[in-house]
Amino acid sequence: MGYVPALCFLNLGLLISSTACLYLGSILINIYLLPSLELLTSHFATVPYLILAVGGLLLVCSIIGIIAAVVKSRVALIIYAVLLGAIFTLQLASIFTSMELRNDLERRVIFNTSPNMHEDLKHYWDDETVRTKWDTLQRDFQCCGAFNLRTGFQDWSRLGNYQQIRRGVPDSCCLVEEEGGCGNTEEIFSDPLAYEKINIHGCMAIMKNRLFRDVYPVLLTYIGCAVVLALITILAMVLSAAYVAAITRRSNQERDGMGMYQAPAGHNAGTSRYEDTTLSRPYPDTLDSGININGSLRSIRTNRSNYQDGSPHGSLHGTPIIKGDNHRASLYIEPSNEAGTVI
């Protein structure tokens, strides 16, 4: 298989893999809301964004690779190889961070308590970003507050004590969210039938089980597939570098004239190349074999010129050495500053 089919085949595989990475990253961000849990550990935000980055770069790079291989552009292939190197680095980073997040989900310790989580809750009423994040969590996961089952909504009661302002729970905690709220007064915390009005479980308690059930096996599968994808990326990078070297070598050969034979300038069809050269005219019917160290022409005299001298072996000057009946041309050195020399 040549370079072009191999690169096209590998890039087709990378193109399919890029769409899978984009799909997985979008699910982790939009469905499971992992970036919202970065207060527990930064890996919740790092992993999905790294997967998205790998998928986006692979999508662009695979298209560039296919085009570069088809048009045989050396510059495009070099850019393609550099991009593959950057993608390979991101793939390694995503693999290691996914392994760390998987270990965190397996231990489940991060969901028990976190000072940062309570600190974040304090800014719910005065920070629009924090409010949006918690409202999204509580609506999508049908929870209220941070930790604990059945009493998670009591976290909002402690928040009121911090701010010296008596408030109830956010409207996003309500089972049926409506204008005016269902638990916007502090009586909700002492209501024995609060579960009929609001979600009472803490968000971390709900997400702990759901993430371990859904995200944990997905991360395990992604780690295995990402290792294979990284190996394919290295293979594509090596093939592109080898293809660049092959294109460079071919262009150098064409520039140096080492390709197909070309007739010398002024050559006419039907004539001998060597009879047209100036150096061979003093000694017709000779084949030039280069210039020796002293600047004289080395030539091989043909048998035909020997018989044209009028003797079986030609004249003494320039006569090749003939042994027996074997008429073999020998090397003759044309004299320049010295007397003729016959070898």
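**Starting from a threonine**

Thr233 touches Leu14, Leu84, Phe88 and Gln91, leaving out residues up to four places away in sequence; contact here means heavy atoms within 4.5 Å. Before going further, please note that this is a predicted model, in which local features need pLDDT of at least 70, side-chain atom pairs count only at pLDDT 80 or more, and totals for chains, interfaces and linings use all residues. Residues are numbered from 1 along each chain as its sequence is written, and side-chain values use heavy atoms, with hydrogens and water left out.

Thr233 itself lies in helix α7, residues 203-256. Helices are DSSP runs of H or I with at least four residues, and strands are runs of E with at least two, numbered from the N terminus. With a relative accessibility of 0%, Thr233 counts as buried. The scale behind that word sets buried at under 20% relative accessible area, exposed at over 50% and partly exposed in between, using a 1.4 Å probe and protein chains only. The side chain of Thr233 also reaches back to the backbone oxygen of Leu229, at 2.8 Å.

Leu7, Asn11 and Leu14 in α1 meet Leu77, Tyr80 and Leu84 in α3. By class, this contact has five nonpolar residues, one polar and no charged. Ala, Val, Leu, Ile, Met, Phe, Trp, Tyr, Cys and Pro count as nonpolar, Asp, Glu, Lys and Arg as charged, and the others, Gly among them, as polar.

How do the axes of α1 and α3 cross? Helix α1 spans residues 3-30 and helix α3 residues 74-107; their axes come within 14 Å and cross at roughly 40°. Axes are lines fitted to C-alpha atoms, for helices over the stretch in contact, and angles run from 0 to 180 degrees between N-to-C directions. The two helices are therefore oblique to each other, since angles under 35 degrees count as roughly parallel, over 145 as roughly antiparallel, 65 to 115 as roughly perpendicular and the rest as oblique. The crossing of α1 and α3 is left-handed, meaning that the near helix is turned anticlockwise from the far one by less than a right angle, while clockwise would be right-handed.

Now look at α1 with α2. Their axes come within 7 Å and cross at roughly 160°, so α1 and α2 are roughly antiparallel to each other. The residues in the contact of α1 with α2 comprise 22 nonpolar, eight polar and no charged. Ser62 sits in α2 and, at 1% relative accessibility, is buried. Leaving aside neighbours within four places in sequence, Ser62 is in contact with Asn11, Leu14 and Leu15.

The loop between α1 and α2 (43-71) holds Leu34, which is buried at a relative accessible area of 0%. Its contacts, beyond four places in sequence, include Phe44, Pro48, Leu101 and Val215. Leu211 is another of them: Leu34 and Leu211 are 177 residues apart in sequence, yet 9.2 Å apart in space, C-alpha to C-alpha.

We finish back in α7, the helix that holds Cys203. Cys203 is buried, with a relative accessible area of 0%. Among the residues that Cys203 touches are Trp134, Leu137, Cys143 and Cys144. The C-alpha atoms of Cys203 and Phe141 are separated by 6.9 Å, although the two residues are 62 places apart along the chain.

Terms used:
Polar contact = N/O pair within 3.5 Å; in protein donor to acceptor, adjacent residues only side chain to side chain.
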